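Biologist: Before we look at any detail, could you show me how to read the parts of a model like this one?

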Amino acid sequence: MKLTVNGVEHEIDVDPRTLLVHAIREQVGLTGTHVGCLTGDCGACTVVVDGQTTKSCSVLALSAEGSAVETIESLADGDDLHPVQQAFWDEFGFQCGFCLPGMLLTAKELVESTPDPTDDDILRAIDGNLCRCTGYNTIVAAVRKAARS
Amino acid sequence: MRYTRPADVDGVTAALADGDAVVVGGGTMVVPEMTHGRVRPSAVVDLAKAGLAGIARDGDGWVIGAMTTYTELARSNVPLLATAARGITGGPQIRNRGTVGGSASYANPSSDVPAVLVALGARMRLARRGGAREVPAAEFFAGAFRTAREPDEVLTAITVPDTAAAPGYVKFKLVEGSWPIVTAAALAGPTIRVVLGGAAAAPVVVELERASWRARLRSEVDRLLTEPWDDVLAPGHYRARIAPVIAARAVAGALEEA
(Lines give C-alpha, C1' and ligand atoms only; values in the text may rest on other atoms or scores of the structure.)
Protein backbone atom coordinates (compact mmCIF):
# COMPACT_ATOMS: atom_id res chain seq x y z
CA MET A 1 0.00 0.00 0.00
CA LYS A 2 0.91 3.67 -0.27
CA LEU A 3 0.82 5.66 2.94
CA THR A 4 1.39 9.41 2.95
CA VAL A 5 2.89 10.62 6.22
CA ASN A 6 3.95 14.22 6.77
CA GLY A 7 3.74 14.87 3.03
CA VAL A 8 5.96 11.94 2.02
CA GLU A 9 4.48 8.94 0.24
CA HIS A 10 5.78 5.60 1.49
CA GLU A 11 5.28 2.29 -0.25
CA ILE A 12 4.96 -0.33 2.47
CA ASP A 13 3.88 -3.96 2.88
CA VAL A 14 1.19 -4.52 5.49
CA ASP A 15 -1.01 -7.39 6.61
CA PRO A 16 -4.70 -6.37 6.27
CA ARG A 17 -4.96 -6.42 10.08
CA THR A 18 -2.07 -3.99 10.57
CA LEU A 19 -3.05 -0.93 12.58
CA LEU A 20 -2.18 2.53 11.32
CA VAL A 21 -0.08 3.16 14.44
CA HIS A 22 2.04 0.07 13.79
CA ALA A 23 2.49 0.96 10.11
CA ILE A 24 3.67 4.44 11.07
CA ARG A 25 6.11 3.16 13.69
CA GLU A 26 7.38 -0.06 12.17
CA GLN A 27 7.09 0.36 8.40
CA VAL A 28 7.52 4.12 8.01
CA GLY A 29 9.91 4.27 10.95
CA LEU A 30 8.49 7.29 12.75
CA THR A 31 8.35 6.35 16.42
CA GLY A 32 7.09 9.62 17.87
CA THR A 33 3.53 8.23 17.76
CA HIS A 34 3.18 6.03 20.83
CA VAL A 35 1.35 2.78 21.46
CA GLY A 36 -0.56 2.89 24.73
CA CYS A 37 -3.72 0.94 25.37
CA LEU A 38 -4.67 -0.24 21.87
CA THR A 39 -8.31 0.21 22.90
CA GLY A 40 -8.88 3.80 21.84
CA ASP A 41 -8.86 5.12 25.40
CA CYS A 42 -5.47 6.67 26.15
CA GLY A 43 -4.81 8.92 23.13
CA ALA A 44 -1.02 8.32 23.01
CA CYS A 45 -1.37 7.16 19.38
CA THR A 46 -3.14 10.34 18.22
CA VAL A 47 -2.29 11.44 14.68
CA VAL A 48 -4.02 13.78 12.25
CA VAL A 49 -5.81 12.12 9.32
CA ASP A 50 -7.12 14.44 6.61
CA GLY A 51 -7.07 17.36 9.02
CA GLN A 52 -8.76 15.68 11.99
CA THR A 53 -7.20 14.12 15.07
CA THR A 54 -7.68 10.37 15.18
CA LYS A 55 -6.53 7.55 17.43
CA SER A 56 -4.33 5.55 15.07
CA CYS A 57 -4.77 2.32 17.06
CA SER A 58 -8.39 2.28 15.95
CA VAL A 59 -7.71 2.62 12.23
CA LEU A 60 -6.57 -0.13 9.89
CA ALA A 61 -3.50 0.98 7.93
CA LEU A 62 -5.21 0.08 4.65
CA SER A 63 -8.06 2.41 5.56
CA ALA A 64 -5.62 5.35 5.52
CA GLU A 65 -4.51 4.76 1.92
CA GLY A 66 -5.13 7.97 -0.01
CA SER A 67 -5.34 10.05 3.17
CA ALA A 68 -2.88 12.65 4.42
CA VAL A 69 -1.48 11.50 7.77
CA GLU A 70 0.40 13.93 10.01
CA THR A 71 2.36 12.84 13.04
CA ILE A 72 4.13 14.57 15.89
CA GLU A 73 7.30 14.68 13.75
CA SER A 74 5.59 17.28 11.52
CA LEU A 75 5.40 19.93 14.27
CA ALA A 76 8.92 21.20 14.88
CA ASP A 77 10.92 22.89 12.13
CA GLY A 78 14.36 21.50 12.78
CA ASP A 79 15.35 22.74 16.23
CA ASP A 80 12.57 25.32 16.25
CA LEU A 81 9.68 24.07 18.33
CA HIS A 82 6.10 24.57 17.19
CA PRO A 83 4.36 27.16 19.44
CA VAL A 84 2.27 24.40 21.04
CA GLN A 85 5.44 22.42 21.81
CA GLN A 86 7.12 25.55 23.18
CA ALA A 87 4.15 26.20 25.47
CA PHE A 88 4.30 22.64 26.85
CA TRP A 89 8.07 23.10 27.38
CA ASP A 90 7.61 26.44 29.15
CA GLU A 91 4.79 25.22 31.41
CA PHE A 92 6.33 21.81 32.25
CA GLY A 93 3.33 20.23 30.49
CA PHE A 94 4.89 16.77 30.58
CA GLN A 95 7.03 14.59 32.79
CA CYS A 96 7.75 11.16 31.29
CA GLY A 97 6.52 12.33 27.89
CA PHE A 98 4.63 9.21 26.92
CA CYS A 99 1.30 10.97 26.40
CA LEU A 100 2.93 14.06 24.92
CA PRO A 101 2.62 13.37 21.15
CA GLY A 102 -1.11 12.86 21.56
CA MET A 103 -1.51 15.82 23.90
CA LEU A 104 0.33 18.12 21.49
CA LEU A 105 -1.68 17.18 18.41
CA THR A 106 -4.96 17.40 20.34
CA ALA A 107 -3.96 20.79 21.77
CA LYS A 108 -2.96 22.00 18.31
CA GLU A 109 -6.38 21.05 16.90
CA LEU A 110 -8.09 22.91 19.74
CA VAL A 111 -6.11 26.14 19.50
CA GLU A 112 -6.45 26.20 15.71
CA SER A 113 -10.25 25.78 15.88
CA THR A 114 -10.97 27.72 19.09
CA PRO A 115 -8.97 30.97 19.33
CA ASP A 116 -9.67 31.74 22.99
CA PRO A 117 -10.54 28.46 24.72
CA THR A 118 -11.89 28.43 28.26
CA ASP A 119 -10.52 25.93 30.76
CA ASP A 120 -13.70 23.91 30.17
CA ASP A 121 -12.94 23.85 26.43
CA ILE A 122 -9.42 22.66 27.19
CA LEU A 123 -10.53 19.93 29.58
CA ARG A 124 -13.13 18.80 27.08
CA ALA A 125 -10.55 18.73 24.27
CA ILE A 126 -8.08 16.56 26.15
CA ASP A 127 -10.64 14.19 27.65
CA GLY A 128 -9.45 11.48 25.28
CA ASN A 129 -5.80 11.82 26.32
CA LEU A 130 -4.62 10.20 29.51
CA CYS A 131 -1.56 11.47 31.41
CA ARG A 132 -0.42 9.49 34.44
CA CYS A 133 2.27 11.96 35.59
CA THR A 134 1.24 15.58 35.70
CA GLY A 135 -2.20 15.70 37.24
CA TYR A 136 -3.20 17.74 34.17
CA ASN A 137 -2.81 21.19 35.73
CA THR A 138 0.40 21.97 33.86
CA ILE A 139 -1.07 20.55 30.67
CA VAL A 140 -4.09 22.86 30.91
CA ALA A 141 -1.74 25.78 31.60
CA ALA A 142 0.34 24.82 28.55
CA VAL A 143 -2.70 24.66 26.27
CA ARG A 144 -3.87 28.02 27.63
CA LYS A 145 -0.46 29.50 26.85
CA ALA A 146 -0.40 27.88 23.39
CA ALA A 147 -3.76 29.45 22.58
CA ARG A 148 -2.42 32.90 23.52
CA SER A 149 0.71 32.49 21.41
CA MET B 1 -8.30 -11.75 6.19
CA ARG B 2 -9.69 -10.13 3.05
CA TYR B 3 -9.99 -6.34 3.06
CA THR B 4 -12.13 -4.35 0.65
CA ARG B 5 -13.01 -0.68 0.54
CA PRO B 6 -15.84 -0.38 -2.00
CA ALA B 7 -16.52 2.92 -3.74
CA ASP B 8 -20.33 2.71 -3.44
CA VAL B 9 -23.17 0.88 -1.69
CA ASP B 10 -23.50 -1.69 -4.49
CA GLY B 11 -19.87 -2.61 -3.93
CA VAL B 12 -20.52 -2.93 -0.19
CA THR B 13 -23.57 -5.16 -0.58
CA ALA B 14 -21.74 -7.34 -3.11
CA ALA B 15 -18.86 -7.75 -0.65
CA LEU B 16 -21.33 -8.65 2.13
CA ALA B 17 -23.34 -11.14 0.07
CA ASP B 18 -21.54 -14.18 1.51
CA GLY B 19 -22.53 -13.07 5.01
CA ASP B 20 -19.13 -13.67 6.60
CA ALA B 21 -17.65 -10.15 6.51
CA VAL B 22 -17.41 -7.62 9.31
CA VAL B 23 -18.37 -4.05 8.42
CA VAL B 24 -15.97 -1.33 9.56
CA GLY B 25 -17.28 2.21 9.77
CA GLY B 26 -15.08 4.56 11.80
CA GLY B 27 -13.48 1.52 13.41
CA THR B 28 -13.41 2.94 16.94
CA MET B 29 -15.12 -0.16 18.37
CA VAL B 30 -14.49 -3.00 15.95
CA VAL B 31 -10.80 -2.36 15.23
CA PRO B 32 -9.79 -2.60 18.94
CA GLU B 33 -12.04 -5.68 19.20
CA MET B 34 -10.04 -7.22 16.34
CA THR B 35 -6.73 -6.19 17.95
CA HIS B 36 -7.68 -7.96 21.16
CA GLY B 37 -8.91 -11.05 19.33
CA ARG B 38 -12.55 -10.75 20.37
CA VAL B 39 -13.62 -10.31 16.74
CA ARG B 40 -11.81 -12.52 14.20
CA PRO B 41 -13.27 -11.77 10.80
CA SER B 42 -12.34 -13.63 7.65
CA ALA B 43 -13.19 -10.49 5.70
CA VAL B 44 -13.55 -6.79 6.42
CA VAL B 45 -15.62 -4.35 4.38
CA ASP B 46 -14.54 -0.76 5.01
CA LEU B 47 -17.25 1.87 4.42
CA ALA B 48 -14.82 4.81 4.33
CA LYS B 49 -15.19 5.46 0.59
CA ALA B 50 -18.78 4.25 0.07
CA GLY B 51 -20.27 7.73 0.09
CA LEU B 52 -22.37 7.25 3.23
CA ALA B 53 -21.37 10.36 5.21
CA GLY B 54 -23.35 13.54 5.53
CA ILE B 55 -26.61 15.02 6.78
CA ALA B 56 -29.32 16.17 4.37
CA ARG B 57 -32.85 17.52 4.63
CA ASP B 58 -35.55 15.45 2.97
CA GLY B 59 -39.14 16.66 3.13
CA ASP B 60 -40.15 16.78 6.78
CA GLY B 61 -37.01 15.35 8.25
CA TRP B 62 -33.34 14.52 8.17
CA VAL B 63 -31.45 11.84 6.32
CA ILE B 64 -28.25 11.02 8.18
CA GLY B 65 -25.70 8.89 6.37
CA ALA B 66 -24.48 5.93 8.39
CA MET B 67 -20.88 7.19 8.18
CA THR B 68 -21.71 10.62 9.60
CA THR B 69 -19.31 11.27 12.47
CA TYR B 70 -20.15 12.57 15.93
CA THR B 71 -18.22 15.74 15.08
CA GLU B 72 -20.52 16.38 12.10
CA LEU B 73 -23.61 15.57 14.16
CA ALA B 74 -22.48 17.86 16.96
CA ARG B 75 -22.41 20.77 14.48
CA SER B 76 -25.91 19.94 13.17
CA ASN B 77 -29.37 20.94 14.37
CA VAL B 78 -30.76 17.43 14.63
CA PRO B 79 -32.58 17.45 17.98
CA LEU B 80 -31.28 15.16 20.76
CA LEU B 81 -28.74 13.55 18.42
CA ALA B 82 -26.59 16.71 18.19
CA THR B 83 -26.67 17.03 22.00
CA ALA B 84 -25.73 13.39 22.50
CA ALA B 85 -22.93 13.64 19.91
CA ARG B 86 -21.33 16.56 21.76
CA GLY B 87 -21.16 14.45 24.91
CA ILE B 88 -19.61 11.32 23.42
CA THR B 89 -16.75 10.03 25.56
CA GLY B 90 -13.21 9.52 24.28
CA GLY B 91 -12.16 12.95 23.12
CA PRO B 92 -12.30 14.77 19.79
CA GLN B 93 -10.30 11.95 18.21
CA ILE B 94 -13.20 9.55 18.83
CA ARG B 95 -15.85 12.10 17.85
CA ASN B 96 -13.93 12.79 14.62
CA ARG B 97 -13.89 9.11 13.72
CA GLY B 98 -16.83 7.37 15.41
CA THR B 99 -20.03 7.21 13.38
CA VAL B 100 -23.73 7.19 14.19
CA GLY B 101 -24.25 4.15 11.99
CA GLY B 102 -21.41 2.29 13.64
CA SER B 103 -22.73 2.97 17.11
CA ALA B 104 -26.24 1.92 16.09
CA SER B 105 -24.98 -1.28 14.48
CA TYR B 106 -22.78 -2.15 17.44
CA ALA B 107 -25.80 -1.68 19.75
CA ASN B 108 -23.90 -1.54 23.00
CA PRO B 109 -26.63 -1.10 25.65
CA SER B 110 -24.39 1.46 27.41
CA SER B 111 -24.18 3.83 24.46
CA ASP B 112 -25.97 7.08 23.69
CA VAL B 113 -27.19 6.48 20.15
CA PRO B 114 -29.81 3.68 20.40
CA ALA B 115 -32.13 5.36 22.92
CA VAL B 116 -31.87 8.71 21.12
CA LEU B 117 -32.87 7.15 17.79
CA VAL B 118 -35.82 5.37 19.39
CA ALA B 119 -36.96 8.60 21.06
CA LEU B 120 -36.83 10.41 17.72
CA GLY B 121 -38.85 7.73 15.94
CA ALA B 122 -35.95 7.23 13.55
CA ARG B 123 -36.00 4.66 10.77
CA MET B 124 -33.01 2.58 9.81
CA ARG B 125 -32.28 2.06 6.11
CA LEU B 126 -30.69 -1.29 5.37
CA ALA B 127 -29.34 -2.42 2.01
CA ARG B 128 -28.44 -5.87 0.73
CA ARG B 129 -27.56 -7.09 -2.74
CA GLY B 130 -30.61 -6.44 -4.89
CA GLY B 131 -32.77 -4.90 -2.18
CA ALA B 132 -33.34 -2.43 0.60
CA ARG B 133 -35.67 -2.09 3.56
CA GLU B 134 -36.44 0.26 6.42
CA VAL B 135 -36.82 -0.78 10.03
CA PRO B 136 -38.12 1.46 12.84
CA ALA B 137 -35.38 2.12 15.40
CA ALA B 138 -37.57 0.58 18.13
CA GLU B 139 -37.47 -2.75 16.24
CA PHE B 140 -33.86 -2.40 15.04
CA PHE B 141 -32.41 -2.59 18.56
CA ALA B 142 -33.19 -6.21 19.36
CA GLY B 143 -31.03 -6.59 22.47
CA ALA B 144 -27.51 -6.26 23.82
CA PHE B 145 -25.15 -6.04 20.82
CA ARG B 146 -27.99 -7.39 18.63
CA THR B 147 -29.87 -5.59 15.89
CA ALA B 148 -32.33 -6.48 13.13
CA ARG B 149 -29.50 -6.17 10.60
CA GLU B 150 -28.75 -9.46 8.84
CA PRO B 151 -25.10 -10.41 8.16
CA ASP B 152 -25.46 -9.63 4.43
CA GLU B 153 -26.97 -6.19 5.10
CA VAL B 154 -25.42 -2.80 5.71
CA LEU B 155 -26.96 0.16 7.50
CA THR B 156 -26.77 2.97 4.94
CA ALA B 157 -28.73 5.82 6.53
CA ILE B 158 -30.97 6.84 9.39
CA THR B 159 -34.02 9.02 8.78
CA VAL B 160 -35.27 11.27 11.55
CA PRO B 161 -38.68 12.98 11.24
CA ASP B 162 -39.03 16.59 12.34
CA THR B 163 -40.70 17.04 15.68
CA ALA B 164 -42.43 19.99 17.31
CA ALA B 165 -41.81 18.47 20.74
CA ALA B 166 -39.16 19.97 23.01
CA PRO B 167 -36.04 17.87 23.60
CA GLY B 168 -34.26 17.06 26.83
CA TYR B 169 -31.20 14.87 27.19
CA VAL B 170 -29.39 13.67 30.29
CA LYS B 171 -26.45 11.30 30.42
CA PHE B 172 -25.26 9.94 33.72
CA LYS B 173 -21.76 8.53 34.18
CA LEU B 174 -19.46 8.44 37.17
CA VAL B 175 -16.11 9.26 35.53
CA GLU B 176 -15.27 11.31 32.45
CA GLY B 177 -13.87 8.41 30.44
CA SER B 178 -16.74 6.03 31.15
CA TRP B 179 -19.50 4.74 28.94
CA PRO B 180 -22.83 6.11 30.15
CA ILE B 181 -24.46 4.28 33.04
CA VAL B 182 -27.97 5.50 32.17
CA THR B 183 -29.15 7.99 29.56
CA ALA B 184 -32.57 9.54 29.08
CA ALA B 185 -33.82 11.16 25.87
CA ALA B 186 -37.09 13.05 26.35
CA LEU B 187 -39.47 14.71 23.91
CA ALA B 188 -42.20 16.85 25.46
CA GLY B 189 -45.14 17.53 23.15
CA PRO B 190 -48.88 17.04 23.76
CA THR B 191 -47.70 13.87 25.50
CA ILE B 192 -44.27 13.04 26.89
CA ARG B 193 -41.99 10.31 25.66
CA VAL B 194 -38.78 9.51 27.48
CA VAL B 195 -36.50 6.71 26.31
CA LEU B 196 -33.94 5.17 28.64
CA GLY B 197 -30.56 3.98 27.38
CA GLY B 198 -28.10 1.88 29.35
CA ALA B 199 -30.91 0.79 31.64
CA ALA B 200 -31.74 -2.45 29.83
CA ALA B 201 -30.37 -4.50 26.93
CA ALA B 202 -32.40 -2.41 24.50
CA PRO B 203 -33.90 1.10 24.83
CA VAL B 204 -36.92 1.37 27.16
CA VAL B 205 -39.76 3.61 25.98
CA VAL B 206 -41.83 5.37 28.63
CA GLU B 207 -44.96 7.26 27.47
CA LEU B 208 -46.56 9.70 29.91
CA GLU B 209 -49.37 12.24 30.05
CA ARG B 210 -48.22 15.81 30.46
CA ALA B 211 -50.44 16.52 33.45
CA SER B 212 -49.42 13.46 35.43
CA TRP B 213 -45.87 12.70 34.30
CA ARG B 214 -44.16 13.38 37.59
CA ALA B 215 -46.59 11.27 39.59
CA ARG B 216 -46.51 8.37 37.14
CA LEU B 217 -42.86 8.28 36.05
CA ARG B 218 -41.36 6.10 38.75
CA SER B 219 -44.06 3.42 38.64
CA GLU B 220 -43.93 3.33 34.83
CA VAL B 221 -40.14 2.92 34.81
CA ASP B 222 -40.39 0.22 37.48
CA ARG B 223 -43.07 -1.58 35.46
CA LEU B 224 -41.12 -1.48 32.18
CA LEU B 225 -37.62 -2.04 33.52
CA THR B 226 -38.02 -5.68 34.48
CA GLU B 227 -34.52 -6.77 33.44
CA PRO B 228 -32.06 -3.92 34.06
CA TRP B 229 -28.72 -4.07 32.25
CA ASP B 230 -25.88 -5.35 34.39
CA ASP B 231 -22.21 -5.04 33.45
CA VAL B 232 -18.80 -4.18 34.86
CA LEU B 233 -19.75 -0.48 35.02
CA ALA B 234 -22.79 -0.85 37.25
CA PRO B 235 -25.01 -3.62 38.60
CA GLY B 236 -28.60 -3.89 37.42
CA HIS B 237 -30.16 -2.89 40.73
CA TYR B 238 -28.17 0.36 40.67
CA ARG B 239 -29.28 1.17 37.15
CA ALA B 240 -32.91 0.40 38.06
CA ARG B 241 -32.60 2.71 41.06
CA ILE B 242 -31.27 5.71 39.17
CA ALA B 243 -33.19 5.26 35.90
CA PRO B 244 -36.33 7.14 37.06
CA VAL B 245 -34.19 9.98 38.44
CA ILE B 246 -32.32 10.41 35.15
CA ALA B 247 -35.60 10.15 33.23
CA ALA B 248 -37.19 12.84 35.42
CA ARG B 249 -34.25 15.19 34.85
CA ALA B 250 -34.54 14.74 31.08
CA VAL B 251 -38.28 15.42 31.11
CA ALA B 252 -37.83 18.48 33.34
CA GLY B 253 -35.15 19.73 30.92
CA ALA B 254 -37.46 19.24 27.95
CA LEU B 255 -40.31 21.09 29.66
CA GLU B 256 -37.99 24.02 30.39
CA GLU B 257 -37.14 24.13 26.67
CA ALA B 258 -40.83 24.06 25.70
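Modeller: Domain bounds come from an automatic or database domain assignment, and for chain A that assignment gives domain 1 (2-74) and domain 2 (83-148), whose C-alpha centres lie 21 Å apart. This is a predicted model, in which local features need pLDDT of at least 70 and side-chain atom pairs count only at pLDDT 80 or more, while totals for chains, interfaces and linings use all residues. Residues are numbered from 1 along each chain as its sequence is written, and chains are lettered from A and ligands numbered from 1 in the order in which they are written.

Biologist: How many residues of domain 1 of chain A are in contact with domain 2 of chain A?

Modeller: Two residues are in contact if their C-beta atoms, placed from the backbone, lie within 7 Å; here 13 residues of domain 1 of chain A are in contact with 11 residues of domain 2 of chain A.

Biologist: Which residues of helix α2 (residues 83-90) of chain A are buried?

Modeller: A helix is a DSSP run (H or I, at least four residues), numbered from the N terminus, and a residue is buried if 20 or more other C-beta atoms lie within 10 Å of its own, these atoms being placed from the backbone. In α2(A) the buried residues are A:V84, A:Q85, A:A87 and A:F88. Seen down the axis of α2(A), they fall within an arc of 160°, taken over the directions from the helix axis to the C-beta atoms, so they line one face of the helix. Their cover includes α3 (100-113) and α5 (137-148) of chain A.

Note on methods:
A residue is buried if 20 or more other C-beta atoms lie within 10 Å of its own, exposed if 12 or fewer, and partly exposed in between; C-beta atoms are placed from the backbone. Helices (H or I, at least four residues) and strands (E, at least two) are DSSP runs, numbered from the N terminus.
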